[in-house]
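Keep the sequence at hand as you go.

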Amino acid sequence: MEAVPARARGYVAGVAVLALLCLLPLPTIRTPWWALGLLSALYAACEYVVRRRFGGTFYPVLLAGAFLLPPPAAALVPLPAALLGRVEQRPALLRRVWRAAQPALAVWGAAKVHWALGGRDAVVASDFPRALLPAGAAVLAFCLVLAVLDGGIRAVALGIPLRQAWRGLLSRSLAPVVVHGLAGLMMAVLWRSPYGPVAALLVLLPMGVSWWVFAQYHRERAAHQATIRALVQAVDIKDGYTRGHSERVGQASVMIARELGMDDDRVEMLRFAGILHDVGKLGVPTRLLRKDGPLTPEERRIIELHPEYGHEMVRGISFLGEARAAILHHHERLDGSGYPYGLVGTQIPESARIVAVADAFDAMTSTRSYRRARPVGTAVAELERCAGAQFDPRMVGALARVLHRQGWHPAVTADEPAHKRAPQEPVPSTGTSG
């Protein structure tokens with residue numbers, strides 16, 4: 001991304017200035033330069049291997065520096081890796097500055113908290129469990145600084161609200177960084193022991209194995225994402241009129257799930273369900289999807305088979321879990337008038353009730369050849385009118401609340417040229433299904 005907004009450049013410059021201010025006391029403090037040099041070289045080597053082989057960042061050496069060095073010296077540990085490492089995206093200089101300044105501030109904050117709580121003395125004396133409290137507080141400070149800075153750059157670069165930019169950053173990073181913090185604490189204690197830095201390096205061996213396992217997990221997730229992208233692209237090619245609809249339904253489903261307080265795994269599952277809810281269109285003849293004019297009753301029955309086709313297509317994809325039920329039942333209605341099975345009320349799986357609301361909302365707020373997009377408020381009012389008969393009132397209420405707070409900022413645009421053909425999926429009399 002070459003066109004970086006001016007406000008994002010200013011933000012990065014401000015973070016860099018703060019990082020430089022953290023280094024000002026360096027000439028006035030007693031710094032073990034040999035330890036700083038060794039930790040910096042070790043961190044640079046670990047970053048090179050981890051980024052090249054697995055992707056991501058390896059924090060144990062950084063946190064060991066926070067536990068061993070004065071805060072200004074600890075802030076220098078990430079600089080060689082950031083300034084000398086390979087940058088694949090442009091602008092390279094701006095990215096190097098960010099990679100240097102962000103971890104420098106984070107490790108400075110961790111070291112500051114650690115030293116203020118007497119952690120240095122506990123590490124020198126190998127005093128357990130007293131060393132755990134300062135180390136834990138330092139890890140929390142490290143995560144907080146990273147989350148605040150990450151959220152800030154997302155907000156200024158992408159123009160999204162700060163609250164939305166920060167949401168989930170701390171909770172997602174805390175658990176893995178705590179593990180890295182424990183490894184960093186072990187490194188620091190062994191470093192200060194009679195066995196010295198060589199013993200501390202042994203800590204990196206099990207951490208390397210655990211990182212490999214973690215990387216395999218992320219590769220599997222990436223494969224899942226690629227599978228879903230391929231299916232969605234195939235639907236978009238076949239039924240190009242609704243291009244982008246699937247991603248937006250996934251986004252709205254996530255908003256409802258989070259408003260209902262679902263855990264991260266279920267939220268991710270519902271994102272998959274929303275994205276893949278129309279995958280069964282791949283089993284519908286293209287001539288029906290692109291037909292001009294009204295459908296015959298027989299053609300309508302064929303199109304109404306697409307939820308069953310979709311369920312059959314994804315039945316063998318184990319990671320989709322509950323999403324398969326949402327794909328099958330997202331056109332059911334609470335009053336039993338939906339399809340394919342005419343389920344009533346709570347017979348309809350919760351995931352399908354969520355996707356049904358998200359699907360109808362996007363259908364109403366998207367421009368179609370036969371009508372313009374409705375305003376968000378009008379669409380929500382229509383959903384509320386149909387709640388209890390067609391839609392689950394709980395899901396409608398959740399979507400209404402989150403839209404009132406956050407607004408609707410779809411990741412992809414729905415507007416299509418007017419000459420595009422209308423989708424031939426049956427539209428209920430309420431006009432709220434896509």
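**From a surface patch to buried helices**

On the surface, R163, R167, R172 and R258 come together as a patch of positive charge. The model is a predicted one.

Take R167 from that patch. R167 sits in the loop that links α9 (162–166) and α10 (169–192). Its relative accessibility is 31%, so R167 counts as partly exposed. The class runs between the limits of 20% for buried and 50% for exposed.

Now turn to helix α14, residues 264–276, which holds L270. Is L270 buried or exposed? L270 counts as buried, because its relative accessibility is 0%. Which residues does L270 touch, leaving out those up to four places away in sequence? They are S253, A257, M262, S351, I354 and V355. The C-alpha atoms of L270 and A326 are separated by 8.2 Å, while the two residues are 56 residues apart along the chain.

Next comes helix α18, residues 323–329, where I327 is placed. I327 has 0% relative accessibility and therefore counts as buried. Leaving out residues up to four places away in sequence, I327 touches A273, L276, H277, V279, P307, G310, H311 and V314. Of these contacts, A273 and L276 fall within the range of helix α14 (residues 264–276). The C-alpha atoms of I327 and D278 are separated by 7.2 Å. Along the chain, I327 and D278 are 49 residues apart.

Note on methods. Residues numbered from 1 in each chain as written. Predicted model: local features only at pLDDT ≥ 70, side-chain atom pairs only at ≥ 80, totals over all residues. Heavy atoms only, no water. Patch = residues over 30% accessible without salt bridge, like charges linked within 9 Å, V, L, I, M, F, W, Y side chains within 5 Å. Areas by Shrake-Rupley, 256 points an atom, 1.4 Å probe, with all protein chains shown as cover. Salt bridge = Lys/Arg side-chain N within 4 Å of Asp/Glu carboxyl O. Lys, Arg positive; Asp, Glu negative; His and termini not counted. Charge placed at Lys NZ, Arg CZ, Asp CG, Glu CD. Helix = DSSP H or I, 4+ residues; strand = E, 2+ residues; numbered from the N terminus. Buried < 20%, exposed > 50% of the residue type's maximum accessible area, 1.4 Å probe, protein only. Contact = heavy atoms within 4.5 Å.
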